[in-house]
Amino acid sequence: TYALYLDCAGGVTSQRAMMHLFRNFRKHWEGVPPCINSTAQINWLNRGDVRKALHIPDVLPPWDICSDVVGSQYHTIYETMKDVYEKLLALGLRALVYNGDTDMACNFLGDQWFVEQLGQKASTQYQPWIYDNQIAGFYQQFGNITFLTVKGAGHMVPQWAPGPSLQMLQSFLSNKPY
Ligand SMILES: *[C@@H]1O[C@H](CO)[C@@H](O)[C@H](O)[C@H]1NC(C)=O
Ligand SMILES: *[C@@H]1O[C@H](CO)[C@@H](O)[C@H](O)[C@H]1NC(C)=O
């Protein structure tokens, strides 16, 4: 679900993820979502020195990729974030909305339509951006908000496309072309 062309971590037979790909998508996962290997993140984010550097108080529980405690108590508060984006853009803040283009959990078309419907005037064409002499995805700027795709990356964009992601974030933070 999270990366159309990546292998399933642990194999599909143990998780039977492909058979239930869409049927089970909206269900609440117990623990880790299928086919995702979060071992490295869990180990790193729960290291004492990393928690300290991130100013996480000792009283808080360990980091987890999907918290059952949070998930079981979570109720949808916002049906859309449109108002929030409009408010922040009106304050002159800049925004970047990006998607891996092989993510089916948060498909890029949904975000593209969302950004297009914010009513900001397009200030560039929909065009490719380049990383390492190759097309790294496509983007369009609408004043202070950019919609951008990362080619071949799934849901976890920085994990699966670290080089292009770093360039994307550096360009955004320094307000330079992608
Ligand atoms: C998950 O990631 C860890 C750490 O990177 C690795 O050692 C392990 O082999 C991976 N497990 C699977 C099932 O891919
Ligand atoms: C973008 O933000 C800047 C301030 O950061 C502001 O001056 C400018 O008017 C904004 N542009 C648009 C199109 O909203």
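From the N terminus on, the elements of the chain run α-α-α-α-α-β-α-β-β-β-α-α. This amounts to eight helices and four strands, where helices (H or I, at least four residues) and strands (E, at least two) are DSSP runs numbered from the N terminus. The model is predicted: local features need pLDDT of at least 70, side-chain atom pairs count only at pLDDT 80 or more, and totals for chains, interfaces and linings use all residues. Residues are numbered from 1 along each chain as its sequence is written, chains are lettered from A and ligands numbered from 1 in the order in which they are written, and side-chain values use heavy atoms, with hydrogens and water left out.

**The whole chain**

Display the surface first. The chain exposes about 12,100 Å², of which carbon and sulfur atoms supply 57%; accessible areas come from the Shrake-Rupley method with a 1.4 Å probe, and for residues only the protein chains shown count as cover.

Next, select the four strands. They form an open sheet in the order S1-S4-S3-S2, with mixed pairing; two strands pair if DSSP finds at least two bridges between them. The edge strands, each pairing on one side only, are S1 (95–100) and S2 (127–131). Neighbouring strands of the sheet are turned by 30° against each other on average, direction ignored. Axes here are lines fitted to C-alpha atoms, for helices over the stretch in contact, and angles run from 0 to 180 degrees between N-to-C directions.

S1 and S4 run parallel and are joined by six bridges; Val 97 has Phe 147 in S4 as its bridge partner.

Move on to S3 (residues 134–142) and S4 (residues 145–150), which pair in the antiparallel sense over four bridges. Gln 141 stands opposite Thr 146 in S4, and Tyr 139 opposite Leu 148. The two strands form a hairpin with two residues between them, and Gly 143 in the turn has a positive phi of about 60°.

S2 and S3 pair in the antiparallel sense over five bridges, with Trp 129 opposite Gly 137 in S3. This hairpin also has two residues between its strands; Asp 132 in the turn has a positive phi of about 55°.

Now show the side chains of S4. In a regular strand the side chains alternate between the two faces of the sheet. Both faces of S4 are covered: Ile 145, Phe 147 and Thr 149 are buried on one side, and Thr 146, Leu 148 and Val 150 on the other.

**Helix H8**

Within H8, pick Ser 171. Ser 171 counts as buried because its relative accessibility is 9%. Leaving aside neighbours within four places in sequence, Ser 171 is in contact with Arg 94, Lys 176, Pro 177 and Tyr 178.

**Ligand 1**

Finally, centre the view on ligand 1. The residues around ligand 1 are Gly 10, Asn 37 and Thr 39, each having a heavy atom within 4 Å of it. An oxygen atom of ligand 1 is 2.3 Å from an N or O atom in the side chain of Asn 37. Taken alone, ligand 1 exposes 360 Å², and the protein buries 36% of that.

Key:
A polar contact is a pair of N or O atoms within 3.5 Å; within protein, one must be able to donate a hydrogen and the other to accept it, and residues adjacent in sequence count only if both atoms are side-chain atoms. Buried means under 20% relative accessible area, exposed over 50%, partly exposed in between (1.4 Å probe, protein chains only). Contact means heavy atoms within 4.5 Å.
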